[in-house]
Each structure stands twice: as C-alpha cells, then as structure tokens.
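Hello,

The structure we discussed is below. My notes on it follow.

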Amino acid sequence: MNSDMDGDIENQVELEEKTRLINQVLELQNTLEDLSARVDAVKEENLKLKSENQVLGQYIENLMSASSVFQTTDSKSKRK
C-alpha cells in the first residue's frame with residue numbers, strides 16, 4: 001500500500017511538472033508570436049521611412065540645383 005502511495009505521489013509530481021512545462025511552452029510561443037509581429041511592424045515602418053527619405057533627398061537635390069547658391073561660379077573658382 002505504501003508503494004502505491006509513492007507511485008501516486010510520483011505521478012502527481014510528474015503531472016505537475018508536465019503541466020508547468022506545457023504552460024511555459026505556451027507562454028514562449030505567445031512571446032515569439034508577439035516578437036514576430038513587432039519585427040514585421042518595424043520592417044514596414046523602416047520601408048516607409050526609407051521611401052520618405054528618398055523623396056526628401058530628391059526634393060533637396062532639386063532645391064539645390066535650382067538655387068544659385070549651390071551652382072558653380074565663373075572661372076575664378078575653377079582655378080582654385
């Protein structure tokens with residue numbers, strides 16, 4: 001009878017350990033899903049910002065080419 005109780009206690013401990021591990025795995029899966037979603041959001045934001053930077057860069061280039069301040073001057077500057 002004592003060995004039956006020991007077996008029951010061991011089974012209970014094993015069941016508790018399995019339950020704990022399953023809960024831990026589920027929590028880690030949820031964390032991984034959250035991190036994956038965050039990575040996707042950051043990638044999307046990065047692409048958006050790259051596109052905006054290209055537009056701004058082109059805009060700045062156009063302004064510089066239209067402004068006489070950034071144009072090369074006469075032959076004096078070419079001699080330097």
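Is Asp8 exposed or buried? Asp8 is exposed because its relative accessible area is 53%, where exposed means over 50%, buried under 20% and partly exposed in between, with a 1.4 Å probe and protein chains only.

First, the basis. This is a predicted model, in which local features need pLDDT of at least 70 and side-chain atom pairs count only at pLDDT 80 or more, while totals for chains, interfaces and linings use all residues. Residues are numbered from 1 along each chain as its sequence is written, and side-chain values use heavy atoms, with hydrogens and water left out.

The protein chain has 2 helices and 0 strands; these are DSSP runs numbered from the N terminus, with helices being H or I of at least four residues and strands E of at least two. Of the 80 residues in the chain, 0% are buried. The accessible surface of the chain is about 7,800 Å², with 57% of that belonging to carbon and sulfur atoms; areas come from the Shrake-Rupley method with a 1.4 Å probe, and for residues only the protein chains shown count as cover.

Asp8 is in helix H1. Together with Asp4, Asp6, Glu10 and Glu14, Asp8 forms a surface patch of negative charge. Patches take residues with over 30% relative accessible area and no salt bridge, joining like charges within 9 Å and nonpolar side chains (Val, Leu, Ile, Met, Phe, Trp, Tyr) within 5 Å. Asp and Glu count as negative, Lys and Arg as positive, and His and the chain ends are not counted; a charge is placed at NZ of Lys, CZ of Arg, CG of Asp or CD of Glu.

The structure holds 1 salt bridge, defined as a side-chain nitrogen of Lys or Arg within 4 Å of a carboxyl oxygen of Asp or Glu. It joins Arg20 and Glu17 at 2.8 Å, N to O. Both residues lie in helix H1, 3 residues apart, about one turn of the helix. Arg20 is partly exposed at 44%, and so is Glu17 at 36%.

A nonpolar surface patch consists of Tyr59, Ile60, Leu63, Met64, Val69 and Phe70, with about 640 Å² of accessible area together. Met64 lies in helix H1, residues 2–66, and is partly exposed at 37% relative accessibility.

Regards
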